[in-house]
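Here is a short report on one protein chain. Please have the sequence and the coordinates open as you read.

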Amino acid sequence: MKKILLLSYAALLLAAPLPAQAPVETAAQHDSRMQWWRDGKFGMFIHYGLYSGLAGELEGKKYDGAAEWIQAHSGADFDTYKREAMPRFTPRSGMADEWVSLAKEAGCTYVVLTSRHHEGFNLFETPGYDFNAKTCNGIDVVDEYVAACEKYGLKTGLYFSIIDWNHPDYDPTGSGISYPKGNLEAAARGERQFGNHDRYKDYLLTTFRQLLDSHRVDLIWWDFSQPTFEGDAAWGASRLMKALFDKYPMAIQNNRLYASNNLQHDGVMQPTPLWKGDYTTPEHYIPPTGIDGDWEVCQTLNGTWGYSADNDRWKSLDELIRELVDVVSRGGNFLLNIGPMADGTVPAESVRLFRGIGAWMAANGEAVYGTRANPFDSEFAWGRVTRKGPDTLYLFLYAQPEGGIIELPATFAAEPAATRLTDGMPLRIEQDPTTGICRIDVSSLTIDSPAVVVKLSGTMNAAE
Ligand code: JFZ
């Protein structure tokens, strides 16, 4: 008996020192857990909260920039923010159905809703803590959202802010993370009980459990950390991760319980070690050569995540479709945002843009879903490439190549075939074994969409 105990103790000591929170899984199990996400490629981000009603304006003053940051930008204290924002926040039953049905129409395979943002207002019922949509407005927004995801067959993601600008116990000292000046002043005046951060960490765990206990989730999008404020010390990260895997062992989570280079906007971005989360999250930035491992670009339509009444800096449909293609061709996922208004209505231009993407995806989605990164060493002046399995390439033409001929530095084992994806129209293709170049004549194609797709079927020979 003693011997057995000793032996198993030795085995424990010899085992690789895995961080406690890492899911215990083999590489194959990891691949199967990640599969729907890797193949799904395109998701909708939804930023909805008290800030949606303010729409970029507080106490008669307008704030440009990210509208969901208005409390930090204005410096409003909790009482001011609550007094101003609460009456303007008018969630409506049925709005979540509209969001998810738009996502479905756009060709998204998953959705991520802000269950709580930095303002700390929970969109779901949180017994014991009143600052939540159910208590204030009678609607558990997350309930209706999860039901809509099930109805339309999309994977259910929830964004969960670990930062909290209004919880009395949240202590931002030394975090390097913005905090509303008004709350700091109120704390200095002794009007706010402030800064028992251990108790805040307990609150985070309790609240996260409340969320999971009443809502089925496929993905959690944590947000966010700084190098001086991350992981176990700042958030009790291991406990949060364990709570997720205990309840949903197949769930996926991003990397923002820890600081990383998510906000880096140049150079080669480093992958996230798996124990910090399943994927890296570049924001408002498309890494030019992708990132090793799994990654997802989150992007806005007009520069703000939360709804802002005055912002009309909308990107064009062509730009957005090319961003989607750029990301997918480099091996990433694309999470594109809507910021619904006070009553949940999606701004008309956002609806138009998502429907436009949907129309393009309906015709060309085969070249996006289930694909992997461009297998060639570099990109091409005429456009982008994805690959599916061992014998299919998709070439996305942004422009006509010189002389109307695409030259790929590859040859194919069997006679390859090239067709226009939308209608199967065959294109002339020939390969030259001496130079190792394959030429496709695309001169007959009109570039009448942001990306015209050519499907190339044939098994590529390994590079010499
Ligand atoms: C975060 C949020 O702050 C933002 O509101 C939005 O939800 C986005 C998707 O994620 O973006 C960040 C994260 C970190 C910093 C700034 C914006 N930062 O470290 O300054």
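## Confidence

This is a predicted model. The protein chain averages a pLDDT of 93. Of the residues, 94% score at least 70.

## Helices H10 and H12

Helix H10 covers residues 197-214, and helix H12 covers residues 237-247. The two pack at an angle of about 15°, with their axes 10 Å apart. Angles under 35 degrees count as roughly parallel, and H10 and H12 are therefore roughly parallel to each other. Their crossing is right-handed.

H10 brings Lys201, Asp202, Leu204, Leu205, Phe208, Arg209, Leu212 and Asp213 to the contact. H12 meets them with Arg239, Leu240, Ala243, Leu244 and Lys247. The residues of this contact divide into 7 nonpolar, no polar and 6 charged.

## Helices H13 and H14

Helix H13 spans residues 317-329, and helix H14 spans residues 348-364. Their axes lie 10 Å apart, and the packing angle is about 55°. That angle makes H13 oblique to H14. The crossing of H13 and H14 is right-handed.

On the H13 side, the contact is made by Leu317, Leu320, Ile321, Leu324 and Val325. On the H14 side, it is made by Leu353, Gly356, Ile357, Trp360 and Met361. The contact of H13 with H14 has 9 nonpolar residues, 1 polar and no charged.

## The S12-S16-S15 sheet

Three strands form an open sheet in the order S12-S16-S15. The pairing is antiparallel. Strand S12 (405-408) and strand S15 (429-432) are the edge strands, and each pairs on one side only. From one strand to the next, the twist averages 20°.

How many bridges link S12 and S16? S12 pairs with strand S16 (residues 437-441) over 4 bridges, in the antiparallel sense. Ile405 stands opposite Asp441 in S16.

## The S15-S16 hairpin

S15 and S16 run antiparallel and are joined by 4 bridges. Asp432 has Ile437 in S16 as its bridge partner. The hairpin of S15 and S16 has 4 residues between the strands. In this hairpin, Gly436 takes a positive phi near 70°.

Methods: Residues numbered from 1 in each chain as written. Predicted model: local features only at pLDDT ≥ 70, side-chain atom pairs only at ≥ 80, totals over all residues. Heavy atoms only, no water. Pairing = 2+ DSSP bridges. Axes fitted to C-alpha atoms, helices over the stretch in contact; angles between N-to-C directions. pLDDT = per-residue confidence, 0-100. Parallel < 35°, antiparallel > 145°, perpendicular 65-115°, else oblique. Left-handed = near helix turned anticlockwise from the far one by under 90°. Contact = heavy atoms within 4.5 Å. Nonpolar A, V, L, I, M, F, W, Y, C, P; charged D, E, K, R; others polar.
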